[in-house]
Amino acid sequence: MTDTQTMTLTVSERIDDRGGIARIRLTGDDLPPVSAGAHLDIYLPEVDLWRQYSLCSDPAETGFYEIGVLKDPASRGGSVEVHRIAQPGATLSVEGPRNHFPLEESAATTVLLGGGIGITPMIAMAKRLHALGKPFTLHYCTRSRDVTAFYDELTAAPFAGRVVFHHDDEDPAQKLDLGRDLPAPSPDTHLYVCGPQGFMDWVIDSAEAAGHATANVHREYFSADVDLTGDTFEVEARASGLTLTIGPDDTIAKKLAEHGIKVEVKCEEGVCGTCVTDVLEGEIDHRDQFLTDEEREDGDQMCVCCSRGRGKLVLDL
Ligand code: FES
């Protein structure tokens, strides 16, 4: 990933917002510019995890980055650790910004759909579209108004009239109705979705069934319940002259590391793209959310942190 920079950033402000979401502002010297949809990779040394957090700050803002972090005790501990350490004055090791979720700024119609904490990149996109004078609608779905972070900011924003809130526990008529709320498909209409897996599947499947082109339904997965297990297969690291057996509970990246072949990994669940590796031969069993359908069909790259193979894979390592 060539767009990566490593930085030490300081927590300049923290707001504990509704729904267990901490809004964390980070400052540092000469912050690299960002585009809407970008995220930061944050290293958490105590739990030895890298975690990805979308920026919700205005991409035009040069003095700080802002992220929103949902404290999720059911996760592998990353968000709980961020909540613990991200106190004003603390420093964090950060890489990025990276953007795997860029905005098509020339679109005639843009609809942003955020579920829960998936609202964060949508806020940056809304700010950018507003600055460009582009029409858009932002749909924000949460369980209840009481757990709706960014509520005050969004209701006071200059584009507040473009934000539609949907709460599970209120009048059914105000819930997101994709048959009613999605625009008609067209080459100039772009949809963006981020949120929990079930929300994303529902929006993506409904949009594609309604005729929206896959390439116009942009998606950002922030965590994934990925099954890392499967049948035994072989991996040949051709340039290294090594052939390894990957057992039912092994991952390719870990097995390679045990034998001295280091592939950089961050999320370890197929969402960030850090570990994408070229495949020279073999059948890939893709488990990630990062590669597009077209890239999967090409069959020449894979996420070695989670994806597997059938029979034998030959990697360009
Ligand atoms: S490390 Fe993130 S996709 Fe593999």
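This is a predicted model: local features need pLDDT of at least 70, side-chain atom pairs count only at pLDDT 80 or more; totals for chains, interfaces and linings use all residues.

Me: What does the C-alpha trace span, then?
Reply: Take the extents along the principal axes of the chain. They come out at about 60 × 50 × 35 Å.

Me: What share of the residues count as buried?
Reply: The cut-off for buried is under 20% relative accessible area. The accessible surface of the chain comes to about 14100 Å², with 46% of that belonging to carbon and sulfur atoms. Of the 317 residues, the share that counts as buried is 50%.

Me: How far apart are the mean positions of the positive and negative charges?
Reply: There are 28 positive and 54 negative charges in the chain.

Me: On to a hairpin: which residue between β12 and β13 takes a positive phi?
Reply: Strand β12 covers residues 233–237 and β13 covers residues 242–246, and they pair in the antiparallel sense over 5 bridges. Within that pairing, E234 stands opposite T245 in β13. The hairpin has 4 residues between the strands, and the one with a positive phi near 70° is G241.

Me: Now E66: buried or exposed?
Reply: E66 is found in strand β5, residues 65–70. Beyond its neighbours within four places in sequence, E66 has contacts including R23, R25, C56 and F150. Its relative accessibility is 5%, and buried means under 20%, so E66 counts as buried.

Me: How far is E66 from R84 in space?
Reply: In sequence, E66 and R84 are 18 residues apart. Going C-alpha to C-alpha, the distance in space is 17 Å.

Me: Last one: which strands do the buried residues of α1 pack against?
Reply: Helix α1 runs over residues 78–85 and is mostly covered, with 6 of its 8 residues buried. Those buried residues are G78, S79, E81, V82, H83 and I85. The strands they pack against are β1, β2, β3, β4, β5 and β6.

Terms used. Residues are numbered from 1 along each chain as its sequence is written. Side-chain values use heavy atoms; hydrogens and water are left out. Buried means under 20% relative accessible area, exposed over 50%, partly exposed in between (1.4 Å probe, protein chains only). Accessible areas come from the Shrake-Rupley method with a 1.4 Å probe; for residues, only the protein chains shown count as cover. Lys and Arg count as positive and Asp and Glu as negative; His and the chain ends are not counted. The place of a charge is taken as NZ of Lys, CZ of Arg, CG of Asp or CD of Glu. Two strands pair if DSSP finds at least two bridges between them. Helices (H or I, at least four residues) and strands (E, at least two) are DSSP runs, numbered from the N terminus. Contact means heavy atoms within 4.5 Å.
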